[in-house]
Amino acid sequence: MESPPGNVTVPMDSSQLMALSDSENGSSVCYQVGDLSSGVDADAEALRRLSDNLASLFDSPELAPFADAFFVVENDGDDPPREVPVHRCLLSARSPFFRDVFLKKDKGLVRIKISELVQGFRVGNEALMTVLGYLYSGRVGALPRGVCVCVDDECLHVGCRPVVDFMVQALYASFVFQVSELVNLFQRHLLDVLDKVAVDDTLVILSAVNLCDKLCSRLLAKCIEVIVKSDLDVVTLEKVLPVELVKQIMDSRLSLGLLGPESSDYPDKHAKRIHRALDSDDVELVQMLLKEGHTTLDGACALHYAVAHCDSKTTKELLEMGLADVNHRNLRGYTVLHIAAMRKDPQIIVSLLTKGAQPSDQTLDGRTALQISKRLTRSVDYTRVTEKGKFAHTDRLCVEILELAERKEPLLGEASVSLAMASDDLRIKLLYLENRVALARMLFPVEAKVAMEIAQVDGTLEFSLGSTPSTHNGNQRTAVDLNDTPFQIREEHLARMKALSKTVELGKRFFPRCSEVLNKIMDDEVSELYISQYTTEERKRRYVELQDILKKAFYEDKEEFDRSGLSSSSSSSSVGMRTKVARR
């Protein structure tokens with residue numbers, strides 16, 4: 001996939017350009033021509049130089065001070081928003097949309113959020129830069145490789161989700177900015193790859209082009225045709241598409257005789273009532289509806305519905321009822337774990353795995369939850385390191401959790417803590433767990449949050465346990481003074497210990513690299529550096545040293561993972577060697 005198809009080709013590396021009229025709308029796009037090194041056409045050379053000069057105005061950091069406006073692009077994760085310098089005069093001349101936008105702004109430097117310009121739709125930084133780059137230079141560069149490539153090595157990257165997302169975002173931004181030639185360009189490309197796009201991703205395309213009026217009528221009609229013939233259920237359609245479009249699709253299925261008996265029966269009125277209760281996060285109402293006996297959670301595909309459309313708290317409460325088969329398949333042959341992989345929520349994935357979800361189960365077309373997750377994850381997100389030096393993107397976390405789950409037996413049941421320990425042992429155990437989980441929150445906040453929320457741990461006591469009630473994150477609980485003699489274990493202490501122990505066990509099971517680092521830190525008693533006898537400067541110095549060790553650990557683990565698939569034994573060995581540095 002080197003260039004979008006159609007009558008208008010996109011320049012990649014050549015510097016020789018000419019203008020080609022687009023017969024559909026009378027506009028023009030620059031395209032690549034042959035080598036004109038001898039006898040260069042004067043007009044083509046002038047056009048090339050103009051394009052290069054204007055492109056440098058957009059691309060060169062040293063020319064950024066000449067900008068009189070900034071577009072603010074919000075990023076995923078912990079990264080701060082990015083400010084893109086632009087020029088009012090040039091964009092106003094190239095686009096009626098921007099002319100109207102800037103006429104309403106006061107003179108002087110202005111900052112405009114892209115989310116305000118493309119309301120109700122997310123346009124990523126890469127797609128925005130592609131469209132703006134075209135407005136400046138008249139050229140569309142090569143597809144951004146890391147953005148349009150998933151992390152599945154078996155994928156051809158022609159119609160996988162990263163490609164679809166980029167094209168859809170660029171098409172919609174072109175539509176909003178009233179750049180019709182780019183709308184046509186991306187529409188033609190999507191039409192050419194549509195037969196290689198998964199049907200769930202076709203729904204993503206349809207949702208966007210339905211907003212583009214008549215400019216994308218061909219792509220709209222083709223997407224509807226694909227979805228009419230697909231196995232997408234009406235519940236999924238209703239969650240994504242407007243009512244009139246759903247009706248059009250269902251009427252077409254009915255006229256073509258594509259509605260089988262099972263499809264017409266789902267969801268019945270009883271399943272719909274359960275779905276509406278889940279939409280309201282009312283699990284108690286779900287329990288009352290089940291008592292009527294008209295349907296079951298599996299009959300209503302309630303767990304599939306909750307995982308796809310409800311928050312993680314509602315999903316967890318539904319799981320805790322113990323009335324749903326965690327490996328039940330819906331009409332499309334998807335297990336709940338398959339749906340969770342599409343949702344890309346690590347907490348939900350871990351919750352399902354702890355309840356016995358089978359990661360090896362395949363869809364009807366032979367995909368596991370891991371393969372689904374990989375096809376949805378952009379390479380740039382998988383390898384992206386935050387400013388804190390961690391691989392913290394949730395998409396990567398989902399892939400790693402499912403990789404580990406495929407290599408090991410599922411973690412069944414709840415974590416347990418032996419209550420037959422002496423009181424002094426319990427005191428040490430509780431202090432150790434509090435310190436370990438608090439350290440995990442500091443060094444691995446994303447992973448720790450997943451484990452703590454599943455174990456229902458609302459916070460930690462930050463290494464020192466006082467003798468009076470304390471409030472953490474708005475939740476009040478009785479603190480434990482482990483220096484009191486004798487130390488009296490109460491029921492709430494045992495419950496606290498059980499939750500903390502489950503957090504640690506989940507961390508060891510699903511985040512082994514993080515756990516290995518924590519093991520070494522706790523064993524070396526490095527955690528003592530955070531206790532009050534150390535000065536602030538000593539704490540800060542040791543914290544910086546630990547951060548350097550952890551960054552090195554992540555980079556080495558990534559290299560090892562690329563070579564051997566992240567075996568637990570090699571991970572443990574490499575972490576052990578790195579820990580020797582910490583001991584010095």
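## The largest cavity

Helix 22 (423-443), helix 23 (445-454), helix 24 (491-510) and helix 25 (512-523) each contribute at least two residues to the lining of the largest cavity, where helices are DSSP runs (H or I, at least four residues) and strands are runs of E (at least two), numbered from the N terminus. This is a predicted model, in which local features need pLDDT of at least 70 and side-chain atom pairs count only at pLDDT 80 or more, while totals for chains, interfaces and linings use all residues. Residues are numbered from 1 along each chain as its sequence is written, and side-chain values use heavy atoms, with hydrogens and water left out.

The largest cavity holds about 170 Å³ of space, and the structure has 7 cavities of 30 Å³ or more. On a 1 Å grid over the protein atoms alone, a cavity is a set of points where a 1.4 Å probe fits but cannot get out, a pocket is an open set with protein on both sides within 12 Å along at least five of seven lines, and lining residues have an atom within 4 Å of a point. Grid points are joined across faces, edges and corners, and a volume is the space filled by probe spheres set on the points. Of the 16 residues lining the largest cavity, Ala440, Ala448, Thr503, Gly507 and Leu518 lie nearest its centre.

## The second largest pocket

The second largest pocket has a volume of about 370 Å³, and among its 19 lining residues Asp59, Met129, Gly133, Arg139 and Gly141 lie nearest the centre. Two or more lining residues come from each of helix 1 (42-59), helix 5 (125-137) and helix 6 (161-176), with helix 5 giving the most, 6 residues.

## Helix 13 against helix 15

Helix 13 (residues 269-279) packs with helix 15 (residues 302-309) at an angle of about 35°, and their axes are 10 Å apart; axes are lines fitted to C-alpha atoms, for helices over the stretch in contact, and angles run from 0 to 180 degrees between N-to-C directions. Ile274, His275, Leu278 and Asp279 of helix 13 make the contact with Ala302, Tyr305 and Ala306 of helix 15, contact meaning heavy atoms within 4.5 Å.

## An annotated stretch

The unreviewed UniProt entry lists residues 147-161 as "domain: C2HC NPR-type"; such annotations may be inferred rather than shown by experiment. Over residues 147-161 the chain is 7% helix and 0% strand, with the end C-alpha atoms 10 Å apart.
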